[in-house]
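These are my notebook entries on a structure that I had not examined before. I set down what I looked up, entry by entry.

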Amino acid sequence: MTVPAFAAGSGRGRRYVIPALAATGVASIVLALMVGSVAAPWSEVIGALRGQRDDSVAAIVLDLRLPRALSAFAVGGLLALSGALLQALLRNPLADPYVLGISGGAAVAALIALAAGAALWVMQLASAAGALITLMLLALLARRSLFSRDLVAGDDAASGVLLTGVMIAALTAATLSLLLALAPEGRLRSMVFWLLGDLAGATDKTTAAVALLLLAVLAAIALVLARPLNLILRGDVAAFTQGVDVERIRRVLVVVAALATGCAVTLAGAIGFVGFVAPHITRRIVGNDQRLLLPAAALFGGALLVVADTIARTVVAPLQLPVGVLTALLGVPVFLWLLQQR
Amino acid sequence: MTAAAEVACLNLSLRVGRSAGRRVLVRTLDWEVRAGERWVILGPNGAGKSTLLAALAGVRPVDDGSIVYGGAPLSALDVAAQATRRALVTDRWHDPFSASVKQTVLTARYRFGNGDARAAAIVHDALAQFDCAHLAPADVRMLSRGERQRVAIATAFAQETPVLLLDEPISHQDPRHQVLVLDALCRAHGRTVVASLHDVNAAVRLATHALLLTGRADWSAGPASELLTAQHMSALFGTPFAAQPGSGAPVLLHQSPDVRESAPL
């Protein structure tokens with residue numbers, strides 16, 4: 001696999017990557033505002049955004065499409081950030097919150113809360129807690145490689161972590177199926193949402209804003225630790241001997257990854273493979289310097305999910321596909337292809 | 001213990017394995033390495049050379065006793081302080097993602113922070129010293145094991161620590177590069193070198209002192225001239241060595257019986 005080595009120091013292209021991706025993100029959101037059952041031409045979208053809400057098109061754009069597009073951007077960004085962090089922490093380009101069962105754990109917790117008739121905010125909290133608990137479980141099972149005092153043995157065992165995660169994912173999938181089998185007929189449709197991931201319900205402006213804010217905060221924390229993370233990529237032994245407090249940084253970033261996943265699942269269910277595909281494509285463009293890769297992957301993941309969701313809700317209109325179906329159909333071949341390259 | 005010792009082991013014990021398969025590698029090692037000395041650790045497979053180096057680097061816990069750097073116990077130094085004292089070269093590299101050779105060597109400059117003006121020059125020198133300058137833009141994952149090993153040694157050099165710990169630094173090197181690496185280590189201006197080696201003649205070329213680990217928990221340490229002899233090597237490896245006069249120091253030849261002639265047809 002000939003992945004371009006990342007530009008050393010002050011590569012000319014480097015400084016334009018983030019602005020270009022930010023512009024892509026904005027463009028993807030504008031596209032999402034224009035496309036749908038009612039086509040909104042460019043001029044009307046701009047007008048609506050500038051506050052001219054004089055017709056029904058403006059209402060659709062502002063009250064339905066804008067919150068959904070912003071939610072999609074936040075969810076895609078959070079999943080991509082989580083995936084990029086997990087890939088670096090596990091030193092495995094195949095790591096992803098969905099593959100590792102973290103999204104599944106969050107969905108299980110949310111479904112249990114839903115079955116118990118809990119309020120929406122309790123369900124959202126349960127979902128975040130589910131992500132955290134699942135990642136803790138993974139860390140506990142993989143402690144020999146993640147948190148061992150013997151760093152040499154840890155480096156040698158690192159490849160087993162992904163397999164542990166895949167087994168946890170299988171467990172959460174089975175639990176979700178069990179919950180679905182036990183659920184009353186009338187609830188089924190709303191529960192399938194958690195299994196596949198769907199943005200149809202994400203039309204609340206405040207929630208979208210909070211998710212975007214959380215994305216910014218978590219990305220900022222990750223960015224602060226991106227320099228030592230660059231060293232952790234090359235093994236715990238190497239990073240430690242060069243002066244990185246590997247264990248402390250890994251603890252912080254594991255929590256960041258779990259919170260990002262939990263928040264994304266809360267909003268949109270267990271959308272798969274965005275956290276894996278987005279960092280992978282971004283890596284091919286910007287390389288492996290985490291200081292650039294983490295923000296770039298978050299922006300690209302956001303834009304990717306906005307586009308995927310726009311396609312999902314228009315491709316077989318008037319029916320709307322859950323976006324998770326689309327990302328899985330896209331993600332699985334990419335995953336298998338990458339596996340072949342190794 | 002005198003304050004002059006750069007690295008010292010006090011009453012150090014190292015074990016591997018759990019319960020039934022437990023094995024004592026080193027027992028009560030009392031050992032002092034002084035500034036500028038070049039120590040070679042020799043011993044048969046599984047004698048604990050890599051384990052001792054890992055313990056000296058602080059990446060593996062010790063089972064008993066302590067390790068001291070310039071009077072300060074290793075366990076009392078934080079990660080950043082340890083990184084100013086020693087660099088470690090292992091023979092296992094993890095390159096799951098692509099990165100250029102130059103970027104890989106640059107990781108050694110982490111301890112110097114963001115405004116490290118000398119980084120580029122130091123990295124260039126380190127690469128040139130180990131015949132890797134031409135590899136600077138290459139992807140580390142495309143290198144041969146020998147090239148990757150020299151990049152790892154260059155990385156340790158770029159960390160600019162007084163102590164260099166190296167686990168079999170010439171295991172993947174061709175004859176020319178074996179000499180190149182050994183001589184670079186000999187010229188490492190005032191740095192203290194502790195390296196494990198399997199080639200006794202490479203050890204003779206590099207060492208001022210030697211630490212012999214038998215793998216049965218006992219050890220001996222002393223000047224290279226006293227320990228790197230045919231007699232000691234024969235006893236250590238359980239196979240005959242003989243000294244042959246060479247152009248400089250005598251060459252130690254391994255006198256293994258020729259299996260090709262004694263093998264049954």
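Entry 1, the two chains. The model I consulted is a predicted one. On that criterion, I found 25 residues of chain A in contact with 28 residues of chain B. I then looked up which elements of chain A give two or more residues to the side that touches chain B, and noted helix H7 (151-157), helix H11 (226-232) and helix H12 (236-241). I sorted this side of chain A by class and recorded twelve nonpolar, seven polar and six charged residues.

Entry 2, a helix pair in chain A. I turned to helix H4 (residues 102-115) and helix H5 (residues 120-141) of chain A, which pack at an angle of about 145° with their axes 7 Å apart. I noted that the crossing of H4(A) and H5(A) is right-handed. From H4(A), the residues that make the contact include A:Gly105, A:Ala109 and A:Ala113. From H5(A), I listed several, among them A:Ala126, A:Gly130 and A:Ile133. By class, I recorded 16 nonpolar and four polar residues in the contact of H4(A) with H5(A), and no charged ones.

I found chain B divided into domain 1 (5-228) and domain 2 (229-265). The centres of these two domains of chain B, taken over C-alpha atoms, are separated by 27 Å. Their contact draws ten residues from domain 1 and eight residues from domain 2 of chain B. Which helix gives the largest share of the side of domain 1 that touches domain 2 in chain B? I found helix H7 (residues 200-206) of chain B, with three residues. I counted seven nonpolar, three polar and no charged residues on that side of domain 1 of chain B.

Entry 4, a sheet in chain B. I looked up an open sheet of four strands and read its order as S2-S1-S4-S5 (chain B), with antiparallel pairing. Strand S2 (23-34) and strand S5 (72-73) of chain B stand at the edges with a single partner strand each, so one side of each has no neighbour in the sheet. Within the sheet, strand S1 (residues 5-16) and strand S4 (residues 64-69) of chain B pair in the antiparallel sense over five bridges. I noted B:Ala8 opposite B:Val68 in S4(B). Lastly, I recorded that helix H1 (residues 49-57) of chain B lies across S1, S2 and S4 of chain B, and runs at about 125° to S1(B).

Notes: Residues numbered from 1 in each chain as written. Chains lettered and ligands numbered in written order. Predicted model: local features only at pLDDT ≥ 70, side-chain atom pairs only at ≥ 80, totals over all residues. Contact = placed C-beta atoms within 7 Å. Nonpolar A, V, L, I, M, F, W, Y, C, P; charged D, E, K, R; others polar. Axes fitted to C-alpha atoms, helices over the stretch in contact; angles between N-to-C directions. Left-handed = near helix turned anticlockwise from the far one by under 90°. Domains from an automatic or database assignment. Pairing = 2+ DSSP bridges.
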